[in-house]
Amino acid sequence: MTGTAVDRVLTPLRSRLIETLAGRSDEVPAWVLRLEDGEDEGFFAPDSAAWAVHGGMPTLVAGVRALLLQALHPGALAGVRDFSRFLEDPLGRLAGTIQWIHTVTFGSRGQAVAGSEMVRSLHRRVTGSYIDGHGVTRPYSANDPELARWVHLAFTDAFLTAHEHWGGALPGGADGYVAEWAKAGELMGVAEPPRSAAALRAEIDAVTDAGELRGGPEVEEIVRFIRRAPLRRMLRPSYRIVFRAAVSTLEPRHRELLGLPSTPLERMLPLHAATGAVLSGARVLLGPQTQAELAARRRLARLAAA
């Protein structure tokens, strides 16, 4: 196949992938360009674990895994069902989540704080009630410390686990990433978030052991939606692998609650290698660095030259 023929195949695929992740493919989002304009180095340096994790392609798996694990907390799920645009505009919500992650990771300190405050202000209207894992009706708020903590735990565990499976070496190892990303938890109102991988996973185990998580019809509905996300047709084969990869990294008891138990056939399939191939392909399409990272590097170069 000639270079021109390859371009004819890859260009629309690249466009659809960027559209899925950023909301549009015809231009770099304005919020990304603004990351170049900050006046300090930010909370995380280029050699940080946060840059390594959030600039890598395993985040495609991590995002799916985080959604699945977060959905097991009935309070977090109630907020999604009652207020989120997830079912109506899942790609818009995905783009918003990516904006927050990249702003906190690659932006200046002021941008990270402002971005987190904006998310928290949106969460203030997210209130209601839910039935907890023990059958008790409880009020909820998206900014409630318990729910904010669970979202942080699920996010951190998902991104760390995906990187451990399909990413490279981490500066400071797993503990380095958890300790660094604790800052993001604090920005979202989480008090004393875990700062080691062992502490992180011990907290997730404690919540699970306490019976705070549950499955059921509402969880199964969101799982079906995540499994069959409304993507462009050309992205669906790769997404099926990404979804299976995310599920494969979950603990067996979380998989049971999600209605996604492991099967003998699944254990026989070369899922790890297939996922690696999909992520490598995504890296080819998107380039070696994200637009947010490139903007951050321009900011750092400007500050160093000043």
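I started at E293, which is buried, with a relative accessible area of 8%. The cut-off for buried is under 20%, so E293 qualifies. I am working on a predicted model, and I keep that in mind for every entry.

**Entry 1: the partner of E293**

I looked for what E293 pairs with. R297 forms a salt bridge with E293, and the closest N and O atoms are 3.1 Å apart. R297 is partly exposed, at 34% relative accessibility.

**Entry 2: salt bridges across the chain**

How many salt bridges does the count come to? I get 15. I picked out one that involves α16 again. E39 and R302 form a salt bridge, with 3.6 Å between the closest N and O atoms. This pair links distant parts of the chain, 263 residues apart. E39 sits in the loop between α2 (30-34) and α3 (49-54), and R302 sits in helix α16 (residues 291-305). I checked accessibility at both ends. E39 is exposed at 59%. R302 is partly exposed at 33%.

Next I took R253 and D209. Their side chains meet in a salt bridge of 2.6 Å, N to O. What does the pair tie together? R253 lies in helix α13 (residues 252-258) and D209 in helix α10 (residues 197-209), so parts 44 residues apart in sequence are tied together. R253 counts as partly exposed, at 32% relative accessibility. D209 is exposed, with a relative accessible area of 56%. The general point behind these pairs: side chains of opposite charge can pair when their charged atoms come close.

I moved to the strands. β1 (residues 127-131) and β2 (residues 137-141) run antiparallel, and five bridges join them.

**Entry 3: another positive phi**

I then turned to E192. Its phi is positive, about 45°, although E192 is not a glycine. Most residues other than glycine have a negative phi. Where is E192? I found E192 in the loop between α9 (173-187) and α10. Is E192 buried or exposed? It is exposed, with a relative accessible area of 69%.

**Entry 4: the second largest pocket**

I looked up the volume of this pocket: about 210 Å³. Its lining has 12 residues. R227, F243, R244, L260 and E266 lie nearest the centre of the pocket. Which elements give two or more residues to the lining? I have α12 (236-248) and α14 (264-268). Helix α12 gives the most, with four residues. By class, the lining divides into six nonpolar, one polar and five charged residues.

I followed up on R244. It is found in helix α12. R244 is partly exposed, with a relative accessible area of 29%. I also took the spacing between R244 and L260. They are 16 residues apart in sequence, and their C-alpha atoms are 9.8 Å apart in space.

**Entry 5: helix α11**

Which residues of helix α11 (residues 217-227) are buried? My list reads V219, I222, V223, F225 and I226. These cover an arc of only 160° around the axis, which puts them on the same side of α11.

**Entry 6: W150**

At 2% relative accessibility, W150 counts as buried.

How values were computed: Residues numbered from 1 in each chain as written. Predicted model: local features only at pLDDT ≥ 70, side-chain atom pairs only at ≥ 80, totals over all residues. Heavy atoms only, no water. Pairing = 2+ DSSP bridges. 1 Å grid on protein atoms, 1.4 Å probe; cavity = no way out; pocket = protein on both sides within 12 Å on 5 of 7 lines; lining within 4 Å. Points joined across faces, edges and corners; volume = space filled by probe spheres on them. Nonpolar A, V, L, I, M, F, W, Y, C, P; charged D, E, K, R; others polar. Salt bridge = Lys/Arg side-chain N within 4 Å of Asp/Glu carboxyl O. Buried < 20%, exposed > 50% of the residue type's maximum accessible area, 1.4 Å probe, protein only. Arc of directions from axis to C-beta.
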